Amino acid sequence: MRTIDEYNFAGKKALVRVDFNVPLDAEYRITDDTRIRAAVPTIQKILADGGAVILMSHLGRPKAGPEEKYSLKHLVNRLSQEFNTTVLFAEDCVGPQAAQMAHDLKPGEILLLENLRFHKAEEKGDADFAKELATLGDVYVNDAFGTAHREHASTAVIARYFPKDKVMGYVMTAELENARRVLGNAERPYTAIMGGAKISDKILIIEKLMDRVDNLLIGGGMSYTFVKADGGQIGSSLVEEDKIDLAKRLIAMAREKGVNLMIPVDSVVADAFSNDANIDTSLSHHIKPLWMGLDIGPTAREQYADVIRNSKTILWNGPMGVFEMSNFSVGTEAVADAVVDATRMGAYSLIGGGDSAAAVNKFGYADKVSYVSTGGGALLEYMEGKTLPGVAAIERDDY
């Protein structure tokens, strides 16, 4: 693995792909700066060596060119505060202004380029666009694990223009090291907690985990597809009818491999998808018509917490319920509490990005677990055994 610690940036202009896809409110204020804080050590290392930093990132999903709400200029003040310097801003990521500002950049200075996705060429992986970006720097640093599964111009294609000068930043390195820890010879008992809305998003990872884990705890909306596959009545709960046979196969596979696959024995149910709905508790296999399961129930919470607290390795991806609504966040918080307790007792815990990371941050537990991934989709694809273009582009000379 080519890492940032192996490179001296003295006198170099480092072109750093970061993941600054941060949420902004209606006044363009950053509401969660986790991804910015994650990139700080990489940027500090380059500056400490005597290098200059050119930051490039995407923000949101602009549809056709520049949009005010997706401009990276809204991040300049936050970055300037972080590094106690005036962070420069180029109003485009390519073109004469960006080229001139990059050319004039001095050691110790930071330049932020405008949103890469204001150009369709970025997501198309356009080689000419990547080549123009490459002319801005002397060395390429990829620290955007959250986009490593995309073969975009700035995340993969650009690396071919830096055959000897391409490295991974600290975020990328840590993400891969932590993912490999739960993929390798993890300490047992090993428990995977899989939640979220759809089983279709997690099929491959669940199948991969069957050969590795001792316990597989299912929660979230996808649990009701398993309940129905197991013969239960789920009312109007979320279900993927076309995945019922698959859920049956996964239940059988777990039994065959000796994996303790747990479906919530009870659920918090509501008569509408609303925090103000009428609420009750029901056995998950006997939910009344027109009622829907929106969180794991009190017995399931206790059972899951007991398994988690007795685990030595924990992988968690996906909430246990609609945790954004206070009445249906109890299950997710109970799981988070148990993961924190297990970690305190010596377990290794990896929180798998996306909504799981959001939940851990919401409950204030980010520093009480072993590692919180910044890349939900990228982590899942890596654990499914897929090649991540952003990683391969750094690791392989022939990419």
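Q: How are helices H1 and H2 oriented to each other, roughly parallel, roughly perpendicular or oblique?
A: In this predicted model, H1 (residues 34-49) and H2 (residues 76-83) pack at an angle of about 55°. Their axes are 11 Å apart. Angles under 35 degrees count as roughly parallel, and 65 to 115 as roughly perpendicular. H1 and H2 are therefore oblique.

Q: Which residues of H2 does H1 meet?
A: H1 passes H2 in a right-handed crossing. From H1 come Ile36, Arg37, Val40, Ile43, Gln44 and Leu47. Their partners in H2 are Arg78, Leu79, Glu82 and Phe83.

Q: By class, how many nonpolar, polar and charged residues has the contact of H1 with H2?
A: The H1 side includes Ile36, Val40 and Gln44, and the H2 side includes Leu79 and Glu82. By class, the contact has six nonpolar, one polar and three charged residues.

Q: How are H10 and H11 oriented to each other, roughly parallel or oblique?
A: H10 spans residues 298-309 and H11 residues 330-344. They pack at an angle of about 20°, with axes 8 Å apart. The crossing is right-handed. Angles under 35 degrees count as roughly parallel, so H10 and H11 are roughly parallel.

Q: By class, how many nonpolar, polar and charged residues has the contact of H10 with H11?
A: H10 brings Arg301, Ala305, Ile308 and Arg309. H11 meets them with residues including Val330, Gly331, Ala334, Asp337 and Asp341. By class, the contact has eight nonpolar, one polar and four charged residues.

Q: Is Ile203 buried or exposed?
A: Ile203 lies in helix H7 (residues 203-209). Leaving aside neighbours within four places in sequence, Ile203 is in contact with Lys243 and Leu246. Its relative accessible area is 17%. Buried means under 20%, so Ile203 is buried.

Q: How far apart in space are Ile203 and Lys386, C-alpha to C-alpha?
A: In sequence, Ile203 and Lys386 are 183 residues apart. In space, C-alpha to C-alpha, they are 14 Å apart.

Q: What is the reach of H6 from its first C-alpha to its last?
A: H6 (residues 170-183) has 14 residues. Its buried residues include Val171, Met172, Glu175 and Val182.

Q: Is Ser356 buried or exposed?
A: Ser356 lies in helix H12 (residues 354-362). Not counting residues up to four places away in sequence, Ser356 touches Trp316, Asn317, Gly318, Pro319 and Ile351. At 1% relative accessibility, Ser356 counts as buried.

Technical notes:
Residues are numbered from 1 along each chain as its sequence is written. This is a predicted model: local features need pLDDT of at least 70, side-chain atom pairs count only at pLDDT 80 or more; totals for chains, interfaces and linings use all residues. Side-chain values use heavy atoms; hydrogens and water are left out. Axes are lines fitted to C-alpha atoms, for helices over the stretch in contact, and angles run from 0 to 180 degrees between N-to-C directions. Helices (H or I, at least four residues) and strands (E, at least two) are DSSP runs, numbered from the N terminus. Angles under 35 degrees count as roughly parallel, over 145 as roughly antiparallel, 65 to 115 as roughly perpendicular and the rest as oblique. A crossing is left-handed if the near helix is turned anticlockwise from the far one by less than a right angle, and right-handed if clockwise. Contact means heavy atoms within 4.5 Å. Ala, Val, Leu, Ile, Met, Phe, Trp, Tyr, Cys and Pro count as nonpolar, Asp, Glu, Lys and Arg as charged, and the others, Gly among them, as polar. Buried means under 20% relative accessible area, exposed over 50%, partly exposed in between (1.4 Å probe, protein chains only). The expected span of a helix is 1.5 Å times one less than its number of residues.
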